[in-house]
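Please look over the model below before reading on.

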Protein chains: 2
Amino acid sequence: MDKQILSGITVLDLTRVFCGPYCTMWLGDMGAKIIKIEQPNVGDDTRMWGPTQNGASAFFANLNRNKYGVTLNLKSPEGKEMFLKMVEQADVVVENYRPGVMKKMGLNYEELRKVNPRIIYASASGFGTYGPYSDQPGYDIVAQAMSGIMSLTGHKGGPPTRVGSSIADASSGINLVVGILAALYAREHTGEGQEIEIALVDSVVGLTTVENMRYFATGKVAERNGNHYALLSPYGSYRGKDKDFIIGCGNQKLYELLCNNVLKRPELITDPRFLTVVDRAANDDEMQIEVEKWSTTVTAKEAIELLHANGIPAGPLNDTSDVVVDEHIAGAREMFPEVEHPIVGKLKGTAVPIKFSDTPTTIRKPSPLLGEDNAAIYGEMLGLDEVQLAQLKEKKII
Amino acid sequence: MDKQILSGITVLDLTRVFCGPYCTMWLGDMGAKIIKIEQPNVGDDTRMWGPTQNGASAFFANLNRNKYGVTLNLKSPEGKEMFLKMVEQADVVVENYRPGVMKKMGLNYEELRKVNPRIIYASASGFGTYGPYSDQPGYDIVAQAMSGIMSLTGHKGGPPTRVGSSIADASSGINLVVGILAALYAREHTGEGQEIEIALVDSVVGLTTVENMRYFATGKVAERNGNHYALLSPYGSYRGKDKDFIIGCGNQKLYELLCNNVLKRPELITDPRFLTVVDRAANDDEMQIEVEKWSTTVTAKEAIELLHANGIPAGPLNDTSDVVVDEHIAGAREMFPEVEHPIVGKLKGTAVPIKFSDTPTTIRKPSPLLGEDNAAIYGEMLGLDEVQLAQLKEKKII
């Protein structure tokens, strides 16, 4: 077998911005042939987004590695016909238009399956394809706000806070991957494709399963809790002599190790305020006072070393400049593979965070220029020659 | 075909706490038979975690629906032998022990594939199975801190902030699902399983791909940006007359609609501070002043309605109590299916946020009591009868 999971799988990628392109980047890293289809002369919005490197968008370059790029006007009858001929030869169509756009163009799942019943059709949108909000436009920030995750993030008494990465887009992109892989697996048994749809807001709601459960079980809305976690203690950031660091005591055994070997205060184990996980979580502020009696006497580095020596989860509060040179994350785990792009130049990307023993993910090409692969892809899939391509370009179809 | 994607797939689930159980919950919702294997008399740590409902852990109940529960002492020779006989009949083994624990028990992938070369072996741990930190214990909070996501989350000038849900655990659980589905698909072609491994910290680093790119392209560490996003504007939370709400203008067209039809100030389109996406992002504070000249004159509800009428992404800042009764999220999208458990009683869960047209996810049973399915599973898979089971229980093997 070719050493890539999705070798032989062709994905027609109509996605733009983040969520959809992030999905197809994962599929591409897993070996699928990704054909990114963009509007002639315009392309993905993010081709105009900052930051740039050598004048070209690093944002676009970062999310569109391993993809071929073609232009196609799907609103023209000829463009539509070309697309349908490609659907016949493809395995997956992914799009993140607003619901209804594909139908208006006559390119919704019901139409595509007529030309290829094996096609898997995957879409992502702010609110999904059905339900009262389905025609509302949605970006990551709206999904973060409406899912409740912002209400859970932030310091006690402070305002709700955006998660510092576009968690709705990213998690929705990964959920699209789950849906597509599941449908590919199912197709092995049924011989048929199906439709998968993802809503950004649903994806974030899925991530807050524990907080939702807490509300259902207690009837109480969780307070924002800064750097601590309502259900465990000591578990969060603590002051060291020089800077803050993290302790994560997830169970009784770890707590006892902490009291005996690090705090050297075994009496805290039987202190009625801290007897069980539930007690400690309820008295987290007092727990913090006790922990910081020790932690403020040592540097963060010393604290972490001592905690690790006792098998207690601990670590530094890294910023991006720390992460990208970290010997474990950047080094051993190879999370930042470099890609060389003809305009952008060398730019490190972020790897798909899954390690497969037999079929590792790979990066084989940089992001495409707009329409870069028109000749190659349309030649190969539709048998079009240079003259025909020139005519299509003249008519603004490609 | 049975209307479940993973019907016929058997998963031996050695996972505890959140990340692993979240993965197997997804696989179970997709139709796989999940056999949760717990330590006799002890079980998953989270059986002791709050909150409780009718005296039993709602935390455990929430993440372990659709699973069968057996107890097994994997450290005993007989327990190990029983496990290996089950591996012969299984498709997937998932575990989230610390790296090395399974090897010490002689149950690592290399051993399991000897009895079943089709077995897919998936593990998650704080830092993965290799690299200098691989033997460090890791919980969600440590992965959040070391991945950099905390450094990106929080208000300008404020401290790094924990994402209000356990994003490292949840995203790692989903990444495990991706890996397992990919390996199941690959197995259709190769006839063989493989090993997949996930590190909590890698998973969060994967979610921050855009922020990593920004650092690589600019050499600058992103500032925490509160409720706004560094690359777009207006895009974040804005003050209404009564409360804050969200506007998400992701592109030029939406910005022009906002100026013309909502702010009624077309001159802002050609204002040199706000000409392009990049300009607006650079002058986000001034943009906010201009937007709030309008937004503070209307209620959040009025603002959102007007924005929606003009096709501009907008929405409220929901807390959990809003989300769980939302007519779209809880209603049409059915994100909170109810499960009835013999002790916990009725408790709503959170659905897998993927909608499959042909093979929808389902919930078929509540979480198991400790060892609840010993007789059924060991009878079926190992042919053990009541007398044998009683002996195994006597010897503390089950």
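## A residue touching both chains

Ile247(B) touches Ile141(A), and in its own chain Pro234(B), Tyr235(B), Gly236(B), Tyr238(B), Val291(B), Trp294(B), Leu307(B), Ile312(B), Pro313(B) and Ala314(B), leaving out residues up to four places away in sequence. Contact here means heavy atoms within 4.5 Å. Ile247(B) sits in strand β10 (residues 244-248) of chain B. Helices (H or I, at least four residues) and strands (E, at least two) are DSSP runs, numbered from the N terminus.

Ile247(B) has 0% relative accessibility, so it counts as buried. Buried means under 20% relative accessible area, exposed over 50%, and partly exposed in between (1.4 Å probe, protein chains only). Ser237(B) is ten residues from Ile247(B) along the chain, and their C-alpha atoms are 6.4 Å apart.

## How to read the model

This is a predicted model, in which local features need pLDDT of at least 70, side-chain atom pairs count only at pLDDT 80 or more, and totals for chains, interfaces and linings use all residues. Residues are numbered from 1 along each chain as its sequence is written, chains are lettered from A and ligands numbered from 1 in the order in which they are written, and side-chain values use heavy atoms, with hydrogens and water left out.

Chain A has 19 helices and 14 strands. Its C-alpha atoms fill a box of roughly 85 × 45 × 40 Å along the principal axes. Of the 398 residues in chain A, 65% are buried. Take the contacts in chain A with a separation of 6 or more: 69% of them join residues 24 or more positions apart.

## The nonpolar cores

The largest nonpolar core has 207 residues. Leu6(A), Trp26(A), Trp294(A), Leu6(B), Trp26(B) and Trp294(B) touch the most other members. A second, separate core has 31 residues, including Leu112(A), Ile119(A), Ile377(A) and Leu389(A). A nonpolar core is a set of buried Ala, Val, Leu, Ile, Met, Phe, Trp, Tyr and Cys residues joined through side-chain atoms within 4.5 Å. In soluble globular proteins, nonpolar side chains tend to be buried together.

Trp294(A) touches Phe245(A), Ile247(A), Val262(A), Leu263(A), Ala303(A), Leu306(A) and Leu307(A), not counting residues up to four places away in sequence.

Helix α9 (residues 200-207) of chain B has eight of its eight residues buried, so it is largely enclosed by the rest of the structure. The axes of α9(B) and helix α10 (residues 209-218) of chain B come within 5 Å and cross at roughly 70 degrees. α9(B) and α10(B) are therefore roughly perpendicular to each other. Val205(B), Gly206(B) and Leu207(B) of α9(B) meet Thr209(B), Glu211(B) and Asn212(B) of α10(B).

In chain A, helix α6 (residues 140-147) and helix α8 (residues 167-190) pack at about 95 degrees, with their axes 7 Å apart. α6(A) and α8(A) are therefore roughly perpendicular too. Asp140(A), Ala143(A) and Gln144(A) of α6(A) make the contact with Ile167(A), Ala168(A) and Asp169(A) of α8(A). Axes are lines fitted to C-alpha atoms, for helices over the stretch in contact, and angles run from 0 to 180 degrees between N-to-C directions. Angles under 35 degrees count as roughly parallel, over 145 as roughly antiparallel, 65 to 115 as roughly perpendicular and the rest as oblique.

## Backbone details

A cis peptide bond joins Gly50(A) and Pro51(A), with omega about -10 degrees. Pro51(A) lies in the loop between β2 (33-38) and β3 (52-53) of chain A. Gly50(B) and Pro51(B) are also joined by a cis peptide bond, with omega about -10 degrees.

Asn54(A) is not a glycine, yet it has a positive phi of about 55 degrees. Asn54(A) is exposed, at 58% relative accessibility.
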